[in-house]
Amino acid sequence: MHPPAPRPPRRARDIGLGVGDLPTGTHNALTDVPGVRVGHTTLVSPPRVHSGVTAIVPTGVGPESPLPAGVFAGNGYGKLIGATQLAELGALETPVLLTSTLSAFRVADSLVGWLLGRPEGARARSLNPVVGECNDGLLSDIRSRPVRDAHVRAALETASDGPVPEGCVGAGTGTVALGFKAGIGTSSRRVPVAGRQATLGVLVQANFGGTLRVGGRTVTPADVGLPAPAGQPEAGSCMVVAATDAPLDARQLTRLARRSVFALARSGGAYGHGSGDYGIAFGTRPTASPSGPALAPDDTLDPLFTAVLDAVEEAVLNALLTATTTTGPGGRTRHALPPEALLALLRQSAHR
């Protein structure tokens, strides 16, 4: 008799914990934004290595075809490569890659090499690679810097516009957050902006400290029957990447990026001293031109601001719920958030 097949990971919305009233896109993922693809390379060699790279690839982006973008640092203890030019020019020239802290520099070099070999970079003499990172050193041998050029290229080349794998994949393979095993999470919303339907999607690489909050209730590992995390508490970080097809300029996208970082507080994020909490937001429409839609007026952006707050909160929950318990070097373990125990706790709280 064969054992039952393992159940697929359950996302927040699958168990009745969707956030807000706005509708999601088809996949409830960053890839619901037209022209945005996501790819992962996952590196696992237990117990020593739990790491990887995640690629967010807007179609056709390059130094001669940049997209409007904004960036915001909630707490700047991090190595966000390309941040200063992104802030100065408000222009995204490359895909956005996420990885482990000490692998970020190799990933940036590989991203440059990949883009120089493509038509979008054929005439480039300068370009600004954008690479974010989180420290996965609790559950992976971070000093080994396991991410190589082939891994980066695989994530870029296999990026797709379909459902996005979440949890312990890609850049989230070794990350932890809020006392639990975490990883990659994503979500999307459909909203009216300036009389048009727009899509906003987010992806988080969750690796930050604090105490989880779900539906206004704090949730610790002990609350759901798990042992207290051993060792130092999580200190950081979180990378949030948001994309939209709404016609926004770099200044407006910076406002969106800022709110994507604010949203971490809803989930219990502590923004500690050692946390690198960054938001990047980009638009898939080049800056408005006579042949395209006019920029959305600022006073029409409230639905997008609500959307990014809701989507980030749900993406963090997805990162926790789809993760799997992981043991790293030295027997250090972080347990996944158990859906059944979480739901029982929330029901108990509701009846008080």
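Two strands pair if DSSP finds at least two bridges between them. Helices (H or I, at least four residues) and strands (E, at least two) are themselves DSSP runs, numbered from the N terminus. The structure described here is a predicted model, in which local features need pLDDT of at least 70 and side-chain atom pairs count only at pLDDT 80 or more, while totals for chains, interfaces and linings use all residues. Residues are numbered from 1 along each chain as its sequence is written, and side-chain values use heavy atoms, with hydrogens and water left out.

Strand 13 (238-244) and strand 14 run parallel and are joined by seven bridges; within strand 14, G279 is the residue opposite V240. Seven bridges also join strand 14 to strand 3 (67-76), but here the two run antiparallel, and G76 has G276 as its bridge partner. Eight of the eight residues of strand 14 are buried (under 20% relative accessible area, where exposed is over 50% and partly exposed lies in between, with a 1.4 Å probe and protein chains only). Strand 14 is therefore largely enclosed by the rest of the structure. G276, Y278, I280 and F282 point one way from the strand, and D277, G279, A281 and G283 point the other way.

The buried residues of helix 4 are A250, Q252, L253, L256, A257, S260 and V261. Their cover includes strand 3, strand 10 (196-206), strand 13, strand 14 and helix 5 (302-321). At the start of helix 4, a side-chain oxygen of D249 comes to within 3.3 Å of the backbone nitrogen of R251. The expected span of a helix is 1.5 Å times one less than its number of residues. For the 13 residues of helix 4 this gives 18 Å, which agrees with its end C-alpha atoms because they are 18 Å apart.

In contact terms (heavy atoms within 4.5 Å), L256 touches L200, T244, L248, A281, L304, F305 and V308, leaving out residues up to four places away in sequence. A nonpolar core is a set of buried Ala, Val, Leu, Ile, Met, Phe, Trp, Tyr and Cys residues joined through side-chain atoms within 4.5 Å. The largest one has 50 residues, and L256, L304, V312 and L320 have the most contacts inside it. At least two residues of this core come from each of strand 9 (184-193), strand 10, strand 11 (212-214), strand 13, helix 4, helix 5 and helix 6 (339-350). Helix 5 supplies the largest share, twelve residues. Apart from this core lies another, of 28 residues, including V33, V36, I184 and I280.

Helix 5 has 20 residues and reaches 29 Å from its first C-alpha to its last, close to the expected 28 Å. Of these residues, 16 are buried, so helix 5 is largely enclosed by the rest of the structure. E313 lies in this helix and is buried, with a relative accessible area of 13%. Beyond its neighbours within four places in sequence, E313 is in contact with V19, R266 and S267.

Elsewhere there is an open sheet of four strands in the order 1-2-5-6, with mixed pairing. Its edge strands, strand 1 (36-45) and strand 6 (130-134), each pair on one side only. Strand 5 (residues 96-100) pairs with strand 6 in the parallel sense over five bridges, whereas strand 2 (49-58) and strand 5 run antiparallel and are joined by three. L98 of strand 5 stands opposite both G132 in strand 6 and T54. Five of the five residues of strand 5 are buried, so this strand is largely enclosed by the rest of the structure.

Angles run from 0 to 180 degrees between N-to-C directions, with axes as lines fitted to C-alpha atoms, for helices over the stretch in contact. Helix 2 (residues 104-116) lies across strand 2, strand 5 and strand 6, at about 155° to strand 6. Helix 3 (residues 149-157) packs on the sheet as well, touching strand 1, strand 2 and strand 5, and its direction makes about 145° with that of strand 1.

Key: Polar contact = N/O pair within 3.5 Å; in protein donor to acceptor, adjacent residues only side chain to side chain.
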